[in-house]
Amino acid sequence: MRSIPLDLNHLAAGGSRLTKTFASADTLSDDVILSVENLEVSFALQATRPVRAVRGVSFTIKRGETLALVGESGSGKSVTAMTVMRLTEYDGARITGGRILMRLKDGSVTDLTKLSDKRIEALRGFQFSIVFQDPMSSLNPVFTVGDQIAEAVIRHQGKTPREAREIALDVLKLVRVPDAARRLDQYAHQLSGGMRQRVMIAMALACRPSLMILDEPTTALDVTIQAQILDLVRALQREIGMSVLFITHDMGVVAEIADRVCVMLKGQIVETGPVNQIFAAPQHRYTRALISAVPRLGSMADKDAPEKFPLVIYEAEQELTEVTQ
């Protein structure tokens, strides 16, 4: 993939006044951007006791690293990611334990769980950002692409509308949007699904965050566009040096994108390790079940007719059985 040159002076400038207002809460290793430690998150439901959606989750993300948080629906992976952004509180969740340490751009370290709403809002989009699964529901239909990207730049970096528009054009080029100058004045409904997702990534990158969270960003896309988006994420990491927390249920995507993997089940991390180790020698039965669900090219070789492939089923009562689907 051809790299598009980009002057990142626009992106690197500004915003330092925001980080200087946060006192260091603790220390991290120099190569660590984020450290989640024994995180506990609960949802209060009427007429029932609180539901523990995240139970004692711990992991770290290093500079330039992609960590995949993987598990089936309801495993707690998205709740974990949303809690890092401090967004689950809007859905009635409470952080009941643990801490989330992040290294800010000025080198200081802060515990995100202890910050006020106002301070967290100052960090979102600047220190860390998120790309959701469905770009059509995330993009505002009444504002142009350029205006939506520029909004974060104006807010976090104090740029003028003209300067912010120049940065918006730069990041659209960065994410390989063709004819980027024309796209600035288009609306979400005028773009294809893959192009909308590129715009969402551009919005997330506008202030050049240290950490980008991708929550199932390719699930709604066809396989060819999915491959393009994954290639784009890898290329951007090399060019910018950002870290990525990738949320997915697809072990095939994990094999393509991740450096390390955390496997989640029922709100807990049951296995973690380098991606090659996880695929070559998975230790937990649930990890083996997830890997077995990925179709393998050539598995029907030397067969007279296509056959259903075997799945390892991880039962709720913690039993494994080999069945033919």
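This is a predicted model: local features need pLDDT of at least 70, side-chain atom pairs count only at pLDDT 80 or more; totals for chains, interfaces and linings use all residues.
Student: Is T287 buried or exposed?

Tutor: A residue needs under 20% relative accessible area to be called buried. T287 has a relative accessible area of 0%, so T287 is buried.

Student: Which residues is T287 in contact with, leaving aside its neighbours within four places in sequence?

Tutor: Here we skip the neighbours within four places in sequence and see what else touches T287. What's left is V263, E271, I278 and P282.

Student: How many of the eight residues of α13 are buried?

Tutor: Let's go through them by name. Y286, T287, A289, L290, I291 and S292 are buried in α13. That leaves the helix mostly covered, and the buried count out of its eight residues is six.

Student: What about the protein as a whole: what share of its residues is buried?

Tutor: The protein has 13 helices and 12 strands. It runs to 325 residues, and the buried share is 49%.

Student: Are α9 and α10 roughly parallel or roughly antiparallel?

Tutor: Two packed helices are described by the angle between their axes and the distance between the axes. For α9 (residues 193–205) and α10 (residues 223–240), the axes come within 10 Å and cross at roughly 20 degrees. Angles under 35 degrees count as roughly parallel, so α9 and α10 are roughly parallel.

Student: Is that crossing of α9 and α10 left-handed or right-handed, and which residues of α9 meet α10?

Tutor: The crossing of α9 and α10 is right-handed. On the α10 side, the residues are I225, Q228, I229, L232, L236 and I240. On the α9 side, they are G194, Q197, R198, I201 and L205.

Student: How many nonpolar residues does the contact of α9 with α10 have?

Tutor: Sorted by class, the contact of α9 with α10 includes three polar residues and one charged. The nonpolar residues number seven.

Student: How many nonpolar residues are in the contact of α7 with α9?

Tutor: V171, L172 and L174 in α7 meet V199, A202 and L205 in α9. The contact of α7 with α9 has no polar and no charged residues, and its nonpolar count is six.

Student: How far apart in space are L115 and R86, C-alpha to C-alpha?

Tutor: L115 sits in the loop between β5 and α4, and counts as buried at 9% relative accessibility. L115 and R86 are 29 residues apart in sequence. In space, C-alpha to C-alpha, the distance is 9.5 Å.

Student: What phi does D179 have?

Tutor: Most residues other than glycine have a negative phi. D179, in the loop between α7 and α8, is not a glycine, yet its phi is positive, at about 50 degrees.

Student: Where is K266 found, and what is its relative accessible area?

Tutor: K266 also isn't a glycine and has a positive phi of about 50 degrees. K266 is found in the loop between β9 and β10. K266 is partly exposed, with a relative accessible area of 45%.

Terms used. Residues are numbered from 1 along each chain as its sequence is written. Side-chain values use heavy atoms; hydrogens and water are left out. Helices (H or I, at least four residues) and strands (E, at least two) are DSSP runs, numbered from the N terminus. Buried means under 20% relative accessible area, exposed over 50%, partly exposed in between (1.4 Å probe, protein chains only). Contact means heavy atoms within 4.5 Å. Axes are lines fitted to C-alpha atoms, for helices over the stretch in contact, and angles run from 0 to 180 degrees between N-to-C directions. Angles under 35 degrees count as roughly parallel, over 145 as roughly antiparallel, 65 to 115 as roughly perpendicular and the rest as oblique. A crossing is left-handed if the near helix is turned anticlockwise from the far one by less than a right angle, and right-handed if clockwise. Ala, Val, Leu, Ile, Met, Phe, Trp, Tyr, Cys and Pro count as nonpolar, Asp, Glu, Lys and Arg as charged, and the others, Gly among them, as polar.
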